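Here is a short note on helix packing and charged pairs. Please read it with the model open.

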Amino acid sequence: MTLDEITISRAIVAEHLNTLIEYMEMDVAVIGAGPSGLVCAALIAEKGLKVGLIEKKLSIGGGMWGGGMMFPRIVVQQEAKRLLDRFGIRSSEFAPGYYTARSVEAVTKLAAAASDAGVEFFNLTTVEDVMVKGDGTLSGLVINWQPVEATGLHVDPLTIGCTITVDATGHDAVIARQVSKKCGRPEIKGEGTMWADNAESAVVAHTKEVFPGLFVCGMAANAVFGGHRMGPVFGGMLLSGEAAAEKIISRF
């Protein structure tokens, strides 16, 4: 065949614009495509719900890519190994209850699982505000291209509607902070010091609805509730994403 550059360009623009229009309203918007967000989105989409995953960076995976200090390995504890197995992520036992996995394999297989489940990805997209109307429920997100935010250009955003929003933005807890600033709650306590054992159990306990229509998971949950950080052990991230998905699925 003879390739036509205009057809190639038209295909990209038409396909993505049609997708963006379709996802102007969705069941669940997950903000942040790190490990907790990927797990949460994949498990919800498997139930047939319309899920969009919004990520401000070009790549997805959050902090998992770099493993620990650029060693591309992660650790997952015994309680979460079943989720490695569920997503086909190979692991080996380093010491009793401590399993190592390749960070790149973990990210790519979680992303593939989310994609196969029907999750639609919107990368290079930032959420600059939230929509809360008279009923006091978070019902929409104000989005723009991340390069617009990064360069400080004055370009008005667009708004998408969603029944449920999941803040999986990690340490920054971006969505929860936006809601807190505009609506006076939830209280953002801020992240505590390194304490892996405490943080891993707390992140699952902190995974919950913090404002009508807004759930937090992963490090965003610990940032909201004052939980500690845990470094490159990722079992809590996987379990938190699963916990958020279970709570949200029960709503539908």
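1. Accessibility terms come first. Buried means under 20% relative accessible area, exposed means over 50%, and partly exposed lies in between (1.4 Å probe, protein chains only). Glu 209 is partly exposed, with a relative accessible area of 29%.

2. Basis of the note. This is a predicted model, in which local features need pLDDT of at least 70, side-chain atom pairs count only at pLDDT 80 or more, and totals for chains, interfaces and linings use all residues. Residues are numbered from 1 along each chain as its sequence is written, and side-chain values use heavy atoms, with hydrogens and water left out.

3. Salt bridges. The term covers a side-chain nitrogen of Lys or Arg within 4 Å of a carboxyl oxygen of Asp or Glu. By this rule the count is seven.

4. Glu 209 and Arg 251. Their side chains meet in a salt bridge, at 2.1 Å from N to O. Glu 209 sits in strand β10 (residues 208–211) and Arg 251 in helix α9, so the pair ties together parts that are 42 residues apart in sequence. Helices (H or I, at least four residues) and strands (E, at least two) are DSSP runs, numbered from the N terminus. Arg 251 is partly exposed, at 46%.

5. Glu 105 and Arg 90. The closest N and O atoms of this salt bridge are 3.1 Å apart. Glu 105 belongs to helix α4 (residues 103–117) and Arg 90 to the loop between α3 (81–86) and β4 (92–95), so the pair ties together parts that are 15 residues apart in sequence. Glu 105 is buried at 8% relative accessibility, whereas Arg 90 is exposed at 55%. Arg 90, Glu 105 and Lys 109 are linked in a network of salt bridges.

6. Lys 182 and Asp 129. Here the closest N and O atoms of the salt bridge are 2.8 Å apart. Lys 182 is in helix α6 (residues 174–183) and Asp 129 in strand β7 (residues 125–132), so the pair ties together parts that are 53 residues apart in sequence. Lys 182 is exposed at 51%; Asp 129 is partly exposed at 22%.

7. Helix packing. Helix α7 (residues 196–205) packs with helix α9 (residues 235–251) at about 10°, the axes being 8 Å apart. The two are therefore roughly parallel (angles under 35 degrees). Contact (heavy atoms within 4.5 Å) involves Glu 200, Val 203 and Val 204 of α7, and residues of α9 including Met 237 and Leu 239. The contact residues divide into five nonpolar, three polar and one charged. Nonpolar covers Ala, Val, Leu, Ile, Met, Phe, Trp, Tyr, Cys and Pro; charged covers Asp, Glu, Lys and Arg; the others, Gly among them, are polar.

Methods. Axes fitted to C-alpha atoms, helices over the stretch in contact; angles between N-to-C directions. Parallel < 35°, antiparallel > 145°, perpendicular 65-115°, else oblique.
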